[in-house]
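The stops below are given in the order in which to select them.

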Amino acid sequence: MAGGEAAAPLLEKKEAVYREGCPGCAVERRKALNPGVPYKEFFHIWTIILASCLPVSSLFPFLYFMIRDLHIAKTVEDIGFYAGFVGASYMLGRTLTSTAWGMVADRIGRKPVIVLGIFSVLLFSALFGLSVHYWMAISTRFLLGSLNGIIGPIRAYAIEVCRPEHHAIALSLVTYTLCSKHFPLYSNSIV
């Protein structure tokens, strides 16, 4: 550089161009106009995650009595063995289908996958509560886990609705809600 010449910046900020009818452009425009924390969206995320996590932990207080009343266990000591299969069937379903739900959400959108997940929680939790046979309890819990593909799309949505400086808050909101449902002792030590 010679004498008093100023160098041009290497990365110039360009003005954002928003196209009409583009959903991604509408989200980016909303983020540019609202620099604060999106509390309303975070509340929606929190309630959806709560609905997704309730089937995991709400089961165990009454599972012993359900297995006992289904008369599947020969002795009282066997009730825990059969209850373990009912509890594990939900997580088995989630494990087998979570990657597929992420791909479906990328193809058709996050909202339909989230709505289907919430609907499946309502439907299959009610059907599980009405189970009169052991196989019905296992299959409804497995289907509940298989059709509950909320976790991946809601994490992506949490990042999408807020500005980069709030990404840590968004992801910790999702993670903290998950930890507090699965590991209540761990979540109390965080606060």
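How many helices and how many strands does the secondary structure of the protein chain come to? The count is nine helices and zero strands, where helices (H or I, at least four residues) and strands (E, at least two) are DSSP runs numbered from the N terminus. The model is predicted, so local features need pLDDT of at least 70 and side-chain atom pairs count only at pLDDT 80 or more, whereas totals for chains, interfaces and linings use all residues. Residues are numbered from 1 along each chain as its sequence is written, and side-chain values use heavy atoms, with hydrogens and water left out.

**Whole chain**

Colour the chain by secondary structure. Along the sequence the pattern reads α-α-α-α-α-α-α-α-α. Of the 191 residues, 32% count as buried; buried means under 20% relative accessible area, exposed over 50% and partly exposed in between, with a 1.4 Å probe and protein chains only. Contact means heavy atoms within 4.5 Å. Among the contacts with a separation of 6 or more, 70% come from residues 24 or more positions apart.

**Before the first helix**

Select Tyr 18, in the segment before α1 (23–33). Tyr 18 is partly exposed, because its relative accessibility is 31%. Leaving aside neighbours within four places in sequence, Tyr 18 is in contact with Cys 25, Glu 28, Arg 29 and Ala 32. For a distance to display, take the C-alpha atoms of Tyr 18 and Glu 28: they are 10 residues apart along the chain and separated by 8.2 Å.

**Annotated spans**

Next, select residues 43–67, 79–101 and 113–136, which an unreviewed UniProt entry lists under "transmembrane region". UniProt positions are given in the numbering used here, feature names are shortened, and annotations may be inferred rather than shown by experiment. In the model, residues 43–67 are 92% helix and 0% strand, with end C-alpha atoms 36 Å apart. Residues 79–101 are 100% helix and 0% strand, and their end C-alpha atoms lie 33 Å apart.

**Helix α4**

Now select helix α4, residues 79–108. Its 30 residues should span 44 Å at 1.5 Å a residue, and the end C-alpha atoms are 42 Å apart, which agrees; the expected span is 1.5 Å times one less than the number of residues. Where is the kink in α4 centred? It is centred on Thr 97 and amounts to about 45°, the bend at a residue being the angle between axes fitted to the seven residues ending there and the seven starting there.

Thr 97 is also one of the buried residues of α4, which include Gly 93, Arg 94 and Trp 101. The buried residues of this helix pack against α2 (39–57), α3, α5, α6 (134–146) and α7. Just after α4, Gly 109 takes a positive phi of about 115°.

Move to Ser 146 in helix α6. Ser 146 is buried, because its relative accessible area is 9%. Which residues does it touch, leaving aside its neighbours within four places in sequence? They are Gly 93, Arg 94, Thr 97 and Trp 101.

**Aromatic pairs**

Show the side chains of Phe, Tyr and Trp. The structure holds six aromatic pairs. Rings of Phe, Tyr and Trp (its six-membered ring) pair if their centres lie within 6.5 Å; planes under 30 degrees apart count as stacked, over 60 as edge-to-face and the rest as tilted.

Phe 62 and Phe 128 form a tilted pair, because their planes are at 45°, with ring centres 6.4 Å apart. The pair links distant parts of the chain, 66 residues apart: Phe 62 is in helix α3 (residues 60–70) and Phe 128 in helix α5 (residues 110–129). Phe 62 is partly exposed at 38% relative accessibility, whereas Phe 128 is buried at 4%.

Tyr 64 and Phe 65 form an edge-to-face pair, with planes at 90° and ring centres 5.3 Å apart. Tyr 64 is partly exposed at 36%, and Phe 65 is partly exposed at 42%. For a cluster, select Phe 81, Tyr 82, Phe 85 and Tyr 134, which ring pairs link.

**Last stop**

Finish at His 166, in the loop between α7 (151–160) and α8 (167–182). Is His 166 buried or exposed? It is buried, with a relative accessible area of 10%. Not counting residues up to four places away in sequence, His 166 touches Pro 35, Gly 36, Val 37 and Phe 42.
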